[in-house]
Protein chains: 2
Amino acid sequence: MSKKNAILAAATHLFSRNGFKETSMSELTRITGAAGGTIFHHFKNKEDLFLNILKNVQETILSAFREHKETAGYKNGIEMVEGVITFYLDLAGVIEDQFLLLHRHYPYQMAETNTVCRSYLESVHNGLLDIFEEGISIGIEDGSVKVKSPRNTAMVLFAMVDGVVRLNTYNLYHAGSLYNDLMASCRKILTNE
Amino acid sequence: MSKKNAILAAATHLFSRNGFKETSMSELTRITGAAGGTIFHHFKNKEDLFLNILKNVQETILSAFREHKETAGYKNGIEMVEGVITFYLDLAGVIEDQFLLLHRHYPYQMAETNTVCRSYLESVHNGLLDIFEEGISIGIEDGSVKVKSPRNTAMVLFAMVDGVVRLNTYNLYHAGSLYNDLMASCRKILTNE
DNA sequence: CAGCCAACCGAATGATCGGTCGGTTTTTTG
DNA sequence: CAAAAAACCGACCGATCATTCGGTTGGCTG
């Protein structure tokens with residue numbers, strides 16, 4: 001179990017930081033201390049290793065949000081949406097590698113031909129959108145949110161928040177000081193008119 | 001010139017669609033009909049070829065916006081911002097490859113060590129942000145826009161619009177029908193409060 | 001203790017990679 | 001038209017790649 005987890009951990013980091021093709025099995029053996037044969041004993045091939053990691057990413061992120069939703073206890077819809085967004089920004093900093101992997105193009109390209117990969121990605125994105133949408137719908141009922149389409153608004157909000165996270169990882173400009181403006185924009189989208 | 005342009009065109013497509021490492025020079029020779037030596041006659045190495053393409057992307061996108069700004073003729077700030085966003089969405093569909101290249105992780109990774117690459121990326125992003133910010137600032141002066149920080153608002157808006165474009169290219173969900181909600185969200189961010 | 005199986009090893013393999021080089025063809029120039 | 005320059009060719013190179021395989025180890029079971 002030890003070597004297998006070491007391989008998973010190192011591969012998660014390397015795939016996220018450097019990409020799939022750019023990560024070599026020999027680099028993996030060097031870092032983990034595991035022999036080449038050991039990796040292929042635990043994982044059918046490189047793609048299988050990648051899928052195992054993607055599965056971990058999906059489970060980690062979704063269960064983090066599931067736990068957050070249970071413990072947070074928001075009193076109305078807009079508070080929930082804002083809390084979820086704040087949690088999203090925090091989480092993206094805590095488990096950077098997992099989010100970085102989802103910001104790479106490779107998984108989505110692989111999803112075009114690999115149904116397992118596609119199901120993991122759909123699960124993550126739909127799961128996150130569901131949480132956004134749930135907060136919006138609750139907000140519409142309790143009057144704290146006023147929008148036309150909850151699902152579409154959830155998608156726009158997600159695109160905005162995820163876009164900020166992504167631009168933040170490319171440190172072209174320091175988007176860290178963007179939190180207040182981001183939350184203000186969210187509130188405007190959710191409340192006015 | 002003919003072969004050189006063929007190489008540039010094919011490489012733009014392959015680097016965008018498949019990535020840098022995933023694109024082989026032999027694939028490039030097969031598609032263009034150019035011999036291996038010919039590619040390295042025109043470009044010092046694979047990275048140099050990539051940088052030439054990135055330079056083209058930067059020039060193409062920025063000049064497209066420059067021309068758009070000259071011919072559009074908006075009467076106030078908010079109309080300009082909305083027009084620019086609409087143009088951004090259109091352009092992302094017209095020159096898909098160029099935008100896809102900027103949505104890949106590889107260029108930003110290369111920018112960490114390559115100053116030329118970094119300058120191209122900074123030029124594109126800063127140029128686009130400048131246009132967004134200009135519209136916002138004009139809007140503040142003419143009263144059509146009400147926000148605190150023009151630059152930060154420009155960054156949030158850009159993250160949102162670019163996020164939608166990116167999620168659209170991964171066809172996990174059909175974000176094409178998001179236009180109206182996206183523009184409504186923009187208007188809310190720019191006008192209320 | 002015997003037998004078994006999963007974990008682990010590392011040398012070997014064939015394919016493919018980016019890049020080189022000496023030579024030929026085409027274009028430009030004086 | 002001659003000669004220089006630029007474009008182009010394709011065989012070749014060493015390095016690296018993902019993957020294989022025969023064999024060793026170590027812990028569990030009966």
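Biologist: What makes the pair of B:Asn45 and B:Asp48 a polar contact?

Modeller: A polar atom of the B:Asn45 side chain lies 2.9 Å from the backbone nitrogen of B:Asp48. A polar contact is a pair of N or O atoms within 3.5 Å; within protein, one must be able to donate a hydrogen and the other to accept it, and residues adjacent in sequence count only if both atoms are side-chain atoms. The model is predicted: local features need pLDDT of at least 70, side-chain atom pairs count only at pLDDT 80 or more, and totals for chains, interfaces and linings use all residues. Residues are numbered from 1 along each chain as its sequence is written, and side-chain values use heavy atoms, with hydrogens and water left out.

Biologist: Which backbone nitrogen lies 3.3 Å from a polar atom of the B:Asn45 side chain?

Modeller: That of B:Glu47.

Biologist: Why is B:Asn45 called partly exposed?

Modeller: Because its relative accessibility is 31%. Buried means under 20% relative accessible area, exposed over 50%, partly exposed in between (1.4 Å probe, protein chains only).

Biologist: Where is B:Asn45 found?

Modeller: In the chain B loop between helix H3 (36-42) and helix H4 (46-72). Helices (H or I, at least four residues) and strands (E, at least two) are DSSP runs, numbered from the N terminus.

Biologist: How many helices and strands does chain A have?

Modeller: Chain A has 10 helices and 0 strands. Of its 193 residues, 54% are buried.

Biologist: What does the C-alpha trace of chain A span along its principal axes?

Modeller: About 60 × 35 × 30 Å.

How values were computed
Chains are lettered from A and ligands numbered from 1 in the order in which they are written.
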